[in-house]
Amino acid sequence: LRAPERVGLIRARLLGASKASAPVLTFLDSHIECTPGWMEPLLDRIARNSTIVVCPNIDALDTETLEYQYHDYFTVGGFDWNLQFNWHAVPEHENKRRGHSWAPAWSPTMCGGLFSIDKEFFEK
């Protein structure tokens with residue numbers, strides 16, 4: 001699918017969503033690289049609750065070698081008082097609610113470059 005002219009990020013995503021036939025939409029920016037098994041946990045969460053938006057954990061690549069760098073810390077997005085987006089440690093009360101390190105965390109914000117959402121919920 002290609003727009004006839006440059007329409008910008010949001011309009012391009014809306015155009016893609018309007019043409020999609022799958023029940024779940026996944027948006028990935030061009031710089032995103034996925035590892036095996038990354039999609040299944042997202043689909044599982046949406047199957048359990050179609051009104052949530054899910055984002056995978058974001059690992060990094062070495063800036064010199066482009067080698068994949070696994071990290072075992074988990075963060076959530078948030079804003080400081082200057083409204084600058086930053087990554088923050090998961091609050092202790094949220095870690096207690098999660099119960100396990102592999103469980104998802106609730107977050108009031110998300111990184112906009114990679115997420116999945118139920119198509120019907122997205123279109124509401």
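Guide: What follows is a set of questions about a predicted model, each answered by setting a value beside the rule that applies.

Visitor: How do you know what confidence the predictor has in this chain?

Guide: The mean pLDDT of the protein chain is 90, and 100% of its residues reach 70 or more, on a scale that runs from 0 to 100. Among the elements, helix 4 (residues 119-123) has the highest mean, 97, whereas strand 3 (residues 60-61) has the lowest, 82.

Visitor: What makes up the chain, and in which order do the pieces come?

Guide: The protein chain has 4 helices and 7 strands, and reading along the sequence gives the pattern α-β-α-β-β-β-β-β-α-β-α. Its C-alpha atoms fill a box of roughly 45 × 40 × 35 Å along the principal axes, and of its 124 residues 20% count as buried.

Visitor: What makes Leu83 exposed, and where is it found?

Guide: The relative accessible area of Leu83 is 66%, which is set against the cut-off of over 50%, and therefore Leu83 is exposed. Leu83 lies in the loop between strand 5 (75-79) and strand 6 (85-89), and it too has a positive phi of about 60° without being a glycine.

Visitor: Why is Val24 called partly exposed rather than buried?

Guide: Buried means under 20%, and Val24, which lies in strand 1, has a relative accessible area of 21%. Leaving out residues up to four places away in sequence, Val24 touches Leu43, Ile46, Ser116, Ile117, Asp118 and Lys119.

Visitor: How do you know that Asp118 has no salt bridge?

Guide: The nearest side chain of opposite charge to Asp118 is that of Lys124, 7.2 Å away, while a salt bridge needs the nitrogen and the carboxyl oxygen within 4 Å, so Asp118, although buried, has none. Asp118 is found in strand 7 (residues 114-118), and its side chain reaches the backbone nitrogen of Glu120 at 3.1 Å. Since a polar contact is a pair within 3.5 Å, that distance of 3.1 Å falls inside the limit. Apart from neighbours within four places in sequence, Asp118 is in contact with Pro23, Val24, Ile46 and Ser50.

Visitor: What makes a group of residues a nonpolar core here, and which residues form the largest one?

Guide: The label is for buried nonpolar residues joined through side-chain atoms within 4.5 Å, and the largest such core has 5 residues: Ala17, Leu25, Phe27, Phe115 and Ile117. Strand 1 (24-28) and strand 7 are the elements that give two or more residues to this core. In soluble globular proteins, nonpolar side chains tend to be buried together. As for Phe115, its contacts beyond four places in sequence include Leu25, Phe27, Val53 and Met110.

Definitions and conventions
Residues are numbered from 1 along each chain as its sequence is written. This is a predicted model: local features need pLDDT of at least 70, side-chain atom pairs count only at pLDDT 80 or more; totals for chains, interfaces and linings use all residues. Side-chain values use heavy atoms; hydrogens and water are left out. Buried means under 20% relative accessible area, exposed over 50%, partly exposed in between (1.4 Å probe, protein chains only). Lys and Arg count as positive and Asp and Glu as negative; His and the chain ends are not counted. A polar contact is a pair of N or O atoms within 3.5 Å; within protein, one must be able to donate a hydrogen and the other to accept it, and residues adjacent in sequence count only if both atoms are side-chain atoms. Contact means heavy atoms within 4.5 Å. pLDDT is the predictor's confidence in each residue, from 0 to 100.
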